[in-house]
Amino acid sequence: MELDEKRARVRAQVNQRLIQSGERERLKELLRTRLNECGWREKLKQHCKEIVRQKGLEQITVDDLVAEITPKGRALVPDEVKKELLQRIKAFLAQTTADEK
């Protein structure tokens, strides 16, 4: 099995565990909260307005706007937020793995 296939399989299994336990929703809520606290949403909203102003409202589609803001949106997520989510996921996996034994 290729490494990429194995990673995809593991990612799918982790995602399934997160969904089944309700942890995925809790993580999403935590992410929303942290992003609001750090002003991420406002920064992204400003970026959208700039793009629409540059290209013109009639000249841009929603798909175009999403394609333009996605890289910026990901880049604007603070490292602390990414680390916190990763730690929560690792703790969840450690707990669920321990529970299975």
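Start by selecting Cys 38, which is partly exposed, with a relative accessible area of 29%. This is a predicted model.

Next, select Cys 48 and display both sulfur atoms. Cys 48 is in no disulfide, and the nearest cysteine sulfur, that of Cys 38, lies 15 Å away. That separation is too far for a bond, since a disulfide needs the two sulfur atoms within 2.5 Å. The structure as a whole holds zero disulfides. With a relative accessible area of 18%, Cys 48 counts as buried, whereas Cys 38 is partly exposed.

Now switch to a cartoon view of the whole chain. The protein has five helices and zero strands, and its elements run α-α-α-α-α from the N terminus. The radius of gyration is 18 Å, well over the 13 Å given by the globule rule for 101 residues, so the protein is more spread out than a compact globule. Orient the view on the principal axes: the C-alpha trace spans about 60 × 35 × 20 Å along them. Colour by accessibility, and 21% of the 101 residues count as buried. Among contacts with a separation of 6 or more, 65% are between residues 24 or more positions apart.

For the last stop, select Asn 15, Leu 18, Arg 24, Leu 27, Lys 28, Leu 31, Val 77, Val 81, Lys 82, Leu 85 and Ile 89, which line the largest pocket. Helices α1 (3–21), α2 (23–37) and α5 (79–100) each give two or more residues to this lining. By class, the lining residues divide into seven nonpolar, one polar and three charged. The volume of the largest pocket is about 220 Å³.

Note on methods: Residues numbered from 1 in each chain as written. Predicted model: local features only at pLDDT ≥ 70, side-chain atom pairs only at ≥ 80, totals over all residues. Heavy atoms only, no water. Buried < 20%, exposed > 50% of the residue type's maximum accessible area, 1.4 Å probe, protein only. 1 Å grid on protein atoms, 1.4 Å probe; cavity = no way out; pocket = protein on both sides within 12 Å on 5 of 7 lines; lining within 4 Å. Points joined across faces, edges and corners; volume = space filled by probe spheres on them. Helix = DSSP H or I, 4+ residues; strand = E, 2+ residues; numbered from the N terminus. Nonpolar A, V, L, I, M, F, W, Y, C, P; charged D, E, K, R; others polar. Rg over C-alpha atoms; globule rule 2.2 N^0.38 Å. Contact = heavy atoms within 4.5 Å.
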